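Let's take a friendly walk through this model, starting with its strands and ending with its charged pairs. Keep the structure open beside you as you read.

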Amino acid sequence: MSTKNCNVTRGAGLVDSLLSTIATWLDYDRDGYLDLYVSYPDPITGDRLYRNNGDGTFTDMARQAGLDLAPDQSATALGSGDFNDDGWPDLYLAIALQPNRLFLSNGQGGFQDATTDETALPGAGVGMAIGDIDNDGDLDFLITTPLSLFLNDGEGFLPITPLPPI
């Protein structure tokens, strides 16, 4: 077994000197290759959506995909899942001290802002979990700080805050 350094990030185009706070893997364009969304709490850069080119390299596609958010809207927690059950991965971004954002896939490799008053709950989410908590076939999600549960009823999200005691 070789002990040779196998770090391929530089050649893949995933190296920079910025501090990243959170990331998630998803196949946003459904080409069979995992892509990477990375949040940077940088006042200039903003978040990035790295498209996997299928050849071991990645290209930032945030602007082309409709995710060119202002740098002060970097996610502190994020998650991906098919929130509207159309077969395409969507993104939810919890953003510190600003309204959170829900982006639904447009089915063509891009996203549309689908944030509503219910999903825009501001906070400083530091964690997120996605699952079908009420077993109805729709993905629900939980954000921390403030602790908020969002139940998906198939038509939209119902925030349950504060959570009832366990």
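## Strands and their pairing

Two strands count as paired if DSSP finds at least two bridges between them. This is a predicted model, and in it β2 (residues 35-39) and β3 (residues 48-52) run antiparallel, joined by three bridges. If you look at Leu36, you will find that its bridge partner in β3 is Tyr50.

These two strands belong to an open sheet of four strands, ordered β1-β2-β3-β4, with antiparallel pairing. The edges are taken by β1 (22-26) and β4 (58-60); each has a single partner strand, so one side of each has no neighbour in the sheet. From one strand to the next, the twist averages 20°.

Most residues other than glycine have a negative phi. Two residues here are worth a look with that in mind.

Arg30 is not a glycine, yet its phi is positive, at about 50°. You will find Arg30 in the loop between β1 and β2, where its relative accessible area of 46% makes it partly exposed. Asp85 also has a positive phi without being glycine, with a value near 55°. Asp85 sits in the loop between β5 (75-81) and β6 (90-95), and it counts as exposed, at 58% relative accessibility.

## Salt bridges

Side chains of opposite charge can pair when their charged atoms come close. How many salt bridges does the structure hold? There are four.

One of them pairs Arg51 with Asp31, with the closest N and O atoms 3.3 Å apart. It connects distant parts of the chain, since Arg51 is in strand β3 and Asp31 is in the loop between β1 and β2, 20 residues apart. Both are partly exposed: Arg51 has a relative accessible area of 24%, and Asp31 has 28%. Asp29 joins Asp31 and Arg51 in a network of salt bridges.

## Two further charged pairs

Arg101 and Asp113 form a salt bridge whose closest N and O atoms are 2.6 Å apart. Asp113 belongs to strand β8 (residues 111-113) and Arg101 to strand β7 (residues 101-105), so the pair ties together parts 12 residues apart in sequence. Is Arg101 buried or exposed? Arg101 counts as buried because its relative accessibility is 16%, under the 20% cut-off. Asp113, at 41%, is partly exposed.

Arg63 pairs with Asp68, and here the closest N and O atoms are 3.8 Å apart. Arg63 is exposed, with a relative accessible area of 62%, while Asp68 is partly exposed at 44%.

Conventions: Residues numbered from 1 in each chain as written. Predicted model: local features only at pLDDT ≥ 70, side-chain atom pairs only at ≥ 80, totals over all residues. Heavy atoms only, no water. Axes fitted to C-alpha atoms, helices over the stretch in contact; angles between N-to-C directions. Buried < 20%, exposed > 50% of the residue type's maximum accessible area, 1.4 Å probe, protein only. Salt bridge = Lys/Arg side-chain N within 4 Å of Asp/Glu carboxyl O.
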